[in-house]
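Visitor: Could you take me through the aromatic rings here, slowly and up close? I would like to see how one of them meets its neighbours.

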Amino acid sequence: MHQCSLALIDSVISSLCRFCRIETHPILKGKYIQIFLWSACIALLFVAYTFGLSYNPPGFYLDESATAYNAYLVSRTGAGEFGPRFPLLFQFYAGSSATYVNPVTIYLLALTFRFLPPSILVARTFAAFWMFAACLLLGLLAKRISGQLKVGIIVAATALLTPWFFEVGRLVWDAHFSAVTVVLFLLAAYHVQTKASWTWLDIAMLAGSLTLLTYGYFSGRVLAPLFALGLLCFAASKRRLTDIIKTWLLYAATLLPIILFNRSHPGVLTKRLYEVTYIRPGLSWKETASEFVRRYLEDQSLYALLMKGDPHPRHHVQGYGGAIFFATFALAIIGLFLVLSRRWREPWWRFVLYGLAVSIVPGAITNWPFHQLRLMSYAVFLLLLTVPALEWLLAADAQRGNGILVPDLPRPGRLCILGLLLTATFLQAVDFQVAFWRDGPKRQFEFDVPYKAVYDAATAQPNRPIYLQDGMWGPAYMDAFWYATVEGRPTSEFIRLADQAKPPSGAIVISSNSSCQNCEIIKRSGVYLLYKAK
């Protein structure tokens, strides 16, 4: 049994290594040929990763429309729907629904729209690209930590298959960008943590990755300062402490724009805080602390992690299972045990333990239980903890007693365990993909699919302008503006009604209310209406 397992694992790993180490073939010695073949392999993998983006998820959710529409406007004018050119934060939606979002994703998508026409497929491919990049970079980090290409391949492949990454990577708003910002910071931190002193380039790289994390997604405003504090894990000398302080100062300087923005727009940032968290003025610190502890423990629920996932269908296909595979979690637990028992003296792994603990904070301060988008960094650290487990399982018996990896089982036994875990990962990945493609397109309501039907019916009418009325289902006028942009239709054909305003008699109206008064209903689609005002 052990010999068979050993032969099987060695065969699989050797095949992967021969596939990836293409320079071993005499015909492929040329540097440019190697680059070409690597690029071709990654491109083919990305095509497979993005298969089906045109219909799963279906439709286009309101926040996705707002992100894509503002990005398109920036690509043409430099300004979003509201405010000045190249703003620090973007206002989404008008009236009482107004909120401000981070700029990084919008500017990057705007750059994409400078070269490609606006469409749902382009926008979703853009989002998937950044999650795909995060998974590959996580594999690169694993390879650098372990010094083994096979470990990097396993971690990258596991990340690409993990439901948590796969599903969030198909949503077109700034949540998909949070994983890559966390991984970029970890790459920067690992690069500098072994150096006796940090150059200004090292410091700028660290501070820049923290800045990108801060301006990338809402949770980054919480995580980046916590990660900056965690750099103290590397303060092994006075010189290193000085370098960390320099990093803090440079990072603090990059926060001045958002501080000034908050001063000139009082209440903007706190409004978002009050919308998504339980933190309120007048709430005692004891009540806040008690709720935080409850939420923190709730977000570590194994039932949510392994069996249910995010309860919102938009973030996770319901009925399939958890956000992460059982085998991946088992590897993370093995890695956690190895770090706690054998490697806790290493500054890097102390930082990873610290990062794992604080990565739950953005979810713990908000109202939604196990919110996968706000807990993306938690997924990154769980995958990172599989590295010491893979090192142990792949270690040769000759490494026994070297003070780093001390395998307690013969190598055939460890490879057998690894083979079982990788097989379980593959089987659960197949099960997830079957469920995702079976049930994913059914999420009609969650992705505003019914809105397109009333939009098409409205644009088929001769009446102009078409009035857009926001109701209990949100500022759906943004969907109309986005669909008009995709079709090349002037947005001047549409007029958004102010809050509580009534359309003129005879006007046709697309409404996000489920009912209307003094009207003639032309079409009803889901929760949306197309009607003629009387």
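Guide: Start with a rule for charges and rings. A charge sits over a ring if NZ of Lys or CZ of Arg is within 6 Å of the ring centre and within 35 degrees of the ring normal. Keep in mind that this model is predicted. Lys452 lies over the face of Tyr483, and its distance from the ring centre is 5.4 Å.

Two rings pair if their centres lie within 6.5 Å. The count comes to 39 aromatic pairs. Take Phe46 and Phe132, one of these pairs. Their ring centres are 5.1 Å apart and their planes stand at 65°. Planes over 60 degrees apart count as edge-to-face, so this pair is edge-to-face. Phe46 belongs to helix H2, residues 31-49. Phe132 belongs to helix H5, residues 120-146. The pair therefore ties together parts that lie 86 residues apart in sequence. Both Phe46 and Phe132 are buried.

Stay with Phe132, for Tyr49 also pairs with it. Here the centres are 5.5 Å apart and the planes are at 50°, so the pair is tilted. Tyr49 lies in helix H2 and Phe132 in helix H5, so this pair ties together parts 83 residues apart in sequence.

How buried are these two? Buried means under 20% relative accessible area. Tyr49 has 9%, so Tyr49 is buried. Phe132 has 3%, so Phe132 is buried.

Technical notes:
Residues are numbered from 1 along each chain as its sequence is written. This is a predicted model: local features need pLDDT of at least 70, side-chain atom pairs count only at pLDDT 80 or more; totals for chains, interfaces and linings use all residues. Side-chain values use heavy atoms; hydrogens and water are left out. Rings of Phe, Tyr and Trp (its six-membered ring) pair if their centres lie within 6.5 Å; planes under 30 degrees apart count as stacked, over 60 as edge-to-face and the rest as tilted. Helices (H or I, at least four residues) and strands (E, at least two) are DSSP runs, numbered from the N terminus. Buried means under 20% relative accessible area, exposed over 50%, partly exposed in between (1.4 Å probe, protein chains only).
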